[in-house]
Amino acid sequence: MAKTKEYYCLTVNDTQRIGCLLGQHAFSGALFLCGGDLGAGKTCLAKGIAYGLNISEEITSPTFVLIKEYYDGRLPLYHMDLYRLDDQTSIFDLGLDDYIYGQGVSVIEWAEKATSGLFPSEYLYIQISLEKEGRRLKLEAHGALYEELLEEMP
């Protein structure tokens, strides 16, 4: 059973604060897979992760360009979005493994659109759900490094 932790966020700032904590605890090669409905806050969380990595560039959704790279922080950030991709061949052709197995932190929005075989067995899955008055973030650790990361989170 994967170790999990949940947060309830009332505001955008709360969501970014959780992302910032993830960025502060992120390590080289970290993989954060994000799922949730349209508008749930995946890009908002990615902005927080960037803040936690001390990235000063403005973080925007990579929906139309698919991949954005940021190098001015503690670690590089590779921010990807699979929303517009409809088949596994298109996703595979992106060459995600160059990022996932690289030295930076990979954040993949709409990760549920890819087959599980595309990703390594160790990652942090973040499910964001819209609730009545905010967002619920469920963080699920897959692998010892991600279990340690969750233990470090308040």
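So, what percentage of the 154 residues in the chain do buried residues make up? It's 51%, where buried means under 20% relative accessible area, exposed means over 50%, and partly exposed is anything in between, with a 1.4 Å probe and protein chains only.

Quick housekeeping. This is a predicted model, where local features need pLDDT of at least 70, side-chain atom pairs count only at pLDDT 80 or more, and totals for chains, interfaces and linings use all residues. Residues are numbered from 1 along each chain as its sequence is written, and side-chain values use heavy atoms, with hydrogens and water left out.

Now the overall layout. We have five helices and seven strands in the chain, and those are DSSP runs numbered from the N terminus: H or I with at least four residues for helices, E with at least two for strands. The order along the sequence goes β-α-β-α-β-β-α-α-β-β-β-α. The C-alpha trace spans about 35 × 35 × 30 Å along its principal axes. The radius of gyration is 14 Å, which agrees with the value near 15 Å that a compact globule of 154 residues would have; that's taken over C-alpha atoms, and the globule rule is 2.2 Å times the number of residues to the power 0.38. As for contacts, meaning heavy atoms within 4.5 Å, take the ones between residues at least 6 apart in sequence: 65% of them join residues at least 24 apart.

Let's go inside, to helix α2, residues 42–52. Nine of its eleven residues are buried, so the helix is largely enclosed by the rest of the structure. The buried set is Lys42, Thr43, Cys44, Leu45, Ala46, Gly48, Ile49, Ala50 and Gly52. What do the buried residues of α2 pack against? The partners are α1 (12–25), β2 (31–36), β4 (77–81), β5 (105–109), β6 (123–130) and β7 (135–142).

From the α1 side, have a look at glutamine 16. Glutamine 16 is buried, at 14% relative accessible area, and touches Cys44, Lys47, Gly48 and Tyr51, leaving out residues up to four places away in sequence.

From the β6 side, there's isoleucine 126, which counts as buried at 0% relative accessibility.

Then the nonpolar core, which is a set of buried Ala, Val, Leu, Ile, Met, Phe, Trp, Tyr and Cys residues joined through side-chain atoms within 4.5 Å. The largest one has 50 residues, and Leu22, Phe32, Leu77, Val105, Ile108 and Leu124 touch the most other members. Strand β6 gives the largest share, five residues. For leucine 77, contacts beyond four places in sequence include Ala46, Ile49, Ala50, Val105 and Val107.

Most residues other than glycine have a negative phi. Asparagine 54, though, has a positive phi of about 65°. Asparagine 54 lies in the loop between α2 and β3 (67–70) and counts as exposed, at 55% relative accessibility. The other one is tryptophan 110, with phi near 60°, in the loop between β5 and β6. Is tryptophan 110 buried or exposed? Buried, with a relative accessible area of 13%.

Tryptophan 110 also has the charged end of lysine 42 over its ring, 4.2 Å from the centre. The rule there is NZ of Lys or CZ of Arg within 6 Å of the ring centre and within 35 degrees of the ring normal. Lysine 113 does likewise over the ring of tyrosine 83, at 5.7 Å.

Last, the rings. Rings of Phe, Tyr and Trp (its six-membered ring) pair if their centres lie within 6.5 Å; planes under 30 degrees apart are stacked, over 60 edge-to-face, and the rest tilted. That gives four aromatic pairs. Tyrosine 71 and tyrosine 78 have centres 6.2 Å apart and planes at 70°, so that pair is edge-to-face. Tyrosine 78 is buried, at 8%, and Tyr71, Tyr78 and Tyr99 form one aromatic cluster.
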